[in-house]
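Here is a short briefing to keep beside the viewer as you look around.

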Amino acid sequence: MPRRTGLLLLPLSIACTSAAFAATPPAADKAACQVWQRELSFAQSVQRHDAAAFAEHVMADAVFDANTPQPTRGLAAVRRHWAAFIAGKTQRVDWYPQQVVASGDGKLAYSSGAYLFENPAPGAKPRYVTGRFATVWRRAGDGAWRVAFDGGDAGKPAGDADVAAFHAGRQPDCPAAAGTN
């Protein structure tokens, strides 16, 4: 490359490098960690079979199964749809975040991670299913983070090693960079 061309490209190179290493806004870091903890709390509400706590994590106008042809719309419908999961008698579900990113203004966040379904019926085939979920969180007027959109894949049958890996993958604290796995 001629010297002149290299010198002309230098400012562009510096600008691109600076943008690539720009720090995440502090509001986004704080919001991402808040949502990380909120996602764990949401899962715990189901583990504790606490329908009221579950509902406290969901916006009134939430859309669940958002990535399907027939999503579930509104808190009342979501509560009905999730009643069996929350009761935990016919199917158990657990999940945790592996990535959380928040908007620069700290008002919206996206979380994704792993889930585990268990069918506790004797001889159930498959007994376990693992998969991935994605959730969009919105900061409500009272400052609490609540689910606006939720969805996930269909999952795949899982064996004992997959279940052990699922449990080993849970991080109870927000990692220093919540936007990375």
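Which residues lie nearest the centre of the largest pocket? They are D65, W82, Y115, F117 and D150, and the lining has 19 residues in total. Please keep in mind that this is a predicted model, with a mean pLDDT of 87 for the chain.

**The largest pocket**
- The volume of the largest pocket is about 360 Å³.
- Helices α2 and α4 (75–87) are among the elements that give two or more residues to its lining.
- Strands β3 (92–102), β4 (108–118), β5 (128–139) and β6 (145–152) also give two or more residues each.
- By residue type, the lining of this pocket divides into ten nonpolar, five polar and four charged residues.

**The disulfide**
- How many disulfides does a search of the whole structure find? The search finds one, formed by C33 and C174 with their sulfur atoms 2.1 Å apart.
- This pair links distant parts of the chain, as C33 sits in helix α2 (residues 26–47) and C174 in the segment after α5 (160–168). The two cysteines are 141 residues apart.
- Is the disulfide left-handed or right-handed? The torsion about the S-S bond of C33 and C174 is about -65°, so the disulfide is left-handed.
- C33 has 28% relative accessibility, so this cysteine counts as partly exposed.
- C174 has 18% relative accessibility and therefore counts as buried, the cut-off being under 20%.

**The chain as a whole**
- The secondary structure comes to five helices and seven strands.
- Along the sequence, these elements follow the pattern α-α-α-β-β-α-β-β-β-β-β-α.
- The chain has 181 residues, and buried residues make up 37% of them.
- Of the contacts between residues at least 6 apart in sequence, 61% join residues at least 24 apart.

**Confidence in the model**
- A pLDDT of 70 or more is reached by 82% of the residues in the chain.
- Where is the pLDDT below 50? One such stretch covers residues 3–23.
- Beyond near neighbours in sequence, the stretch of residues 3–23 has two contacts in the model.

Note on methods
Residues numbered from 1 in each chain as written. Predicted model: local features only at pLDDT ≥ 70, side-chain atom pairs only at ≥ 80, totals over all residues. Heavy atoms only, no water. Disulfide = S-S within 2.5 Å. Helix = DSSP H or I, 4+ residues; strand = E, 2+ residues; numbered from the N terminus. Buried < 20%, exposed > 50% of the residue type's maximum accessible area, 1.4 Å probe, protein only. 1 Å grid on protein atoms, 1.4 Å probe; cavity = no way out; pocket = protein on both sides within 12 Å on 5 of 7 lines; lining within 4 Å. Points joined across faces, edges and corners; volume = space filled by probe spheres on them. Nonpolar A, V, L, I, M, F, W, Y, C, P; charged D, E, K, R; others polar. pLDDT = per-residue confidence, 0-100. Contact = heavy atoms within 4.5 Å.
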